[in-house]
Amino acid sequence: MAEAAVARETFFALRETIARLEGRPIPALAAAARETLAEKARPGSAGVAQPLLATGVDDLDAAMQGGVPLDGLTEVRSLGLRDAGAASGFTLALAARLHAQAAGTGAAISPVLWIGDTVATMEAGLPYAIGIGDFGLEPAAFLQASPRKLEDALWLAEAALASAAFAVVILEVRGNPARFGLTESRRLALRAKAAERPLFLLRQGGEEEASSALFRFSVEPAPAQARPLPDGSVLGGSIGHPAFRLTLEKSRNPAPLSITLEWNAHDRRFALVPDAQHPALPGEHAAHSGADLSASAHRPDRPQALGPVLAFDRPA
């Protein structure tokens, strides 16, 4: 299986190189799609269960047909670098869920590899060991690399997947660099498939673009909910669990799914937050319906109208 995937990857890369030299359209993408469909249609291939990581949220898992694939590429993107913390937090929460799943089966805990982007790190910061522990991951099982060039980061991601030594590889990329496109994402997806390991592409401040990721999420920060007391009351001013506004942009479903999740680091699980403060966008499927908030221009705290305006003569 692994040898066949690597052979297909080499074949597609050679076809792309020849097409570029001859100035013709690249046929390898269509050939890869046909090969994938043919492989799924082969006798006996349908009975092989795909390894999945369930989030524990029924609506989200149903939209992904069971969960995040553990032998493929999944993309998580933030709309801007100001949301890098939310996208990174959601990605690390998925990694913590994966460790919890392995611990539940009694399997050995493999480390997580974070391949950081130099520029994104300068603007958004580095993962912090104490914070990682509080977030549900063991700092001793978390490794970090900071390549200076994108080419080095891509090579390291491929080598890490091929080694099969990591529970998950997280590749951080800032924006939409020209040297990381559909061809590179397909190579990584094939590597992950051959190694039967998950790869999370963390795109910080990037736009939507074509990729070989099976699923793509956009993540924004959401207000934390106050933690309830044992008697059901809420302690005023308390800080709740981290919350994420999540949109499943790419999946097999025709319409995106937008929900709000909070992360319980102690139990290492997600919980659905009613979307009363986040009404669904047109064309979106909301997991929960809620009252729409008024537009910002009509809220009580909007800027007051200006007073009298005085006209002054222009200076000579």
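User: Which residues touch the most other members of the largest nonpolar core?

Analyst: In this predicted model, the largest nonpolar core has 40 residues, and Leu60, Phe90, Phe217, Val219 and Phe270 touch the most other members. Among the elements that give two or more residues to this core are α3 (58–63), α4 (84–104), β8 (215–222) and β9 (243–250), and α4 gives the most, with 9 residues.

User: What makes α4 count as mostly covered?

Analyst: A residue is called buried when its relative accessible area is under 20%, and 16 of the 21 residues of α4 are buried.

User: Why is arginine 77 called buried?

Analyst: Arginine 77, which has its place in strand β3 (residues 73–78), has a relative accessibility of 5%, and because the cut-off for buried is under 20%, arginine 77 counts as buried.

User: What makes the link between the side chains of arginine 77 and glutamate 249 a polar contact?

Analyst: A polar contact needs a pair of N or O atoms within 3.5 Å, one able to donate a hydrogen and the other to accept it, and the side chains of arginine 77 and glutamate 249 are joined at 2.8 Å. The side chain of arginine 77 also reaches the backbone oxygen of glycine 206, at 2.6 Å.

User: Why is the pair of phenylalanine 90 and phenylalanine 244 called edge-to-face?

Analyst: Rings pair if their centres lie within 6.5 Å, and planes over 60 degrees apart count as edge-to-face; the structure holds 6 aromatic pairs, and in the pair of phenylalanine 90 and phenylalanine 244 the centres are 6.1 Å apart with 70° between the planes, which makes this pair edge-to-face. Phenylalanine 90 lies in helix α4 and phenylalanine 244 in strand β9, so the pair ties together parts that are 154 residues apart in sequence. Both phenylalanine 90 and phenylalanine 244 are buried.

User: Which residues do ring pairs link into a cluster?

Analyst: The cluster linked by ring pairs consists of Phe90, Phe135, Phe217, Phe244, Trp263 and Phe270.

Notes:
Residues numbered from 1 in each chain as written. Predicted model: local features only at pLDDT ≥ 70, side-chain atom pairs only at ≥ 80, totals over all residues. Heavy atoms only, no water. Core = buried A, V, L, I, M, F, W, Y, C linked by side-chain atoms within 4.5 Å. Buried < 20%, exposed > 50% of the residue type's maximum accessible area, 1.4 Å probe, protein only. Helix = DSSP H or I, 4+ residues; strand = E, 2+ residues; numbered from the N terminus. Phe/Tyr/Trp six-rings, centres within 6.5 Å; stacked < 30°, edge-to-face > 60°.
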